[in-house]
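Good morning, colleagues. I shall speak briefly about one structure, and I ask that you keep it in view as I proceed.

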Amino acid sequence: MKGKKPTEIKKIEPTKSELEILRVLWEHGPSPVRFVMEELNKKREMNYTAVLRLMQLMADKGILQRDQTQMQHIYQVVEEENKTKEHLLDKFLDTLYKGSAASLIIQLVGNKKATKEEIKKIKALLNKMEKESGE
């Protein structure tokens with residue numbers, strides 16, 4: 001039996017707490033645990049041990065990579081931010097909107113969560129997509 005292709009391997013889905021850590025690392029790049037903890041503490045209180053344990057688990061799952069060559073271990077994200085977000089968005093879309101991007105957009109705009117500037121950007125994107133499809 002042949003080995004699995006990367007696209008066939010089940011994606012690991014980060015928990016809410018893991019996503020908070022990912023956001024810090026995406027924004028600031030490779031960082032030690034203490035820095036990540038300080039950034040997280042700007043929004044909610046988390047102690048060093050809890051953040052360390054989460055980041056160790058994330059490294060064990062293959063979400064983070066740990067550089068142990070220095071005294072202070074530095075963690076970095078394994079997969080690109082866009083790939084992770086794309087996977088999570090696809091799952092969200094499939095689960096809640098039966099794969100319909102249009103339903104999601106209608107819901108977002110219908111809830112008045114979009115600003116005028118965002119609506120303008122959405123219209124521009126739709127116009128561009130329409131032109132590219134030749135319609």
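I begin just after helix H1, where Gly-29 adopts a positive phi of about 85°. Please bear in mind throughout that this is a predicted model.

H1 contains 13 residues and spans 19 Å from its first C-alpha to its last, close to the 18 Å expected at 1.5 Å a residue.

Which residues of H1 are buried? They are Glu-18, Glu-20, Ile-21, Leu-22, Val-24, Leu-25 and Trp-26. The partners against which the buried residues of H1 pack are strand E1 (31–32), H2, helix H3 (48–61), strand E2 (64–67), strand E3 (74–77) and helix H4 (81–97).

Let me take two of these partners in turn.

On the H1 side the contact involves Glu-20, Ile-21, Val-24, Leu-25 and His-28, and on the H2 side Phe-35, Val-36, Glu-39 and Leu-40. By class, the contact of H1 with H2 comprises six nonpolar, one polar and two charged residues.

The axes of H1 and H3 also come within 10 Å, with a crossing of roughly 90°. H1 and H3 are therefore roughly perpendicular to each other. Here H1 contributes Ser-17, Glu-18, Ile-21, Leu-22 and Leu-25, while H3 contributes Leu-54, Met-55, Met-58 and Lys-61. The contact of H1 with H3 is made up, by class, of six nonpolar, one polar and two charged residues.

I turn now to the core. The largest nonpolar core has 19 residues, and those with the most contacts inside it are Ile-21, Val-36, Val-51, Met-55 and Leu-64. At least two residues of this core come from each of H1, H2, H3 and E3. What does Val-36 touch, if residues up to four places away in sequence are not counted? Val-36 touches Ile-21, Val-24, Leu-25, Ser-31, Val-51 and Met-55.

Lys-98 is not a glycine, yet has a positive phi of about 50°. Lys-98 lies in the loop between H4 and helix H5 (101–110), and is exposed, with a relative accessible area of 82%.

Note on methods. Residues are numbered from 1 along each chain as its sequence is written. This is a predicted model: local features need pLDDT of at least 70, side-chain atom pairs count only at pLDDT 80 or more; totals for chains, interfaces and linings use all residues. Side-chain values use heavy atoms; hydrogens and water are left out. Contact means heavy atoms within 4.5 Å. Helices (H or I, at least four residues) and strands (E, at least two) are DSSP runs, numbered from the N terminus. Ala, Val, Leu, Ile, Met, Phe, Trp, Tyr, Cys and Pro count as nonpolar, Asp, Glu, Lys and Arg as charged, and the others, Gly among them, as polar. The expected span of a helix is 1.5 Å times one less than its number of residues. Buried means under 20% relative accessible area, exposed over 50%, partly exposed in between (1.4 Å probe, protein chains only). A nonpolar core is a set of buried Ala, Val, Leu, Ile, Met, Phe, Trp, Tyr and Cys residues joined through side-chain atoms within 4.5 Å. Axes are lines fitted to C-alpha atoms, for helices over the stretch in contact, and angles run from 0 to 180 degrees between N-to-C directions. Angles under 35 degrees count as roughly parallel, over 145 as roughly antiparallel, 65 to 115 as roughly perpendicular and the rest as oblique.
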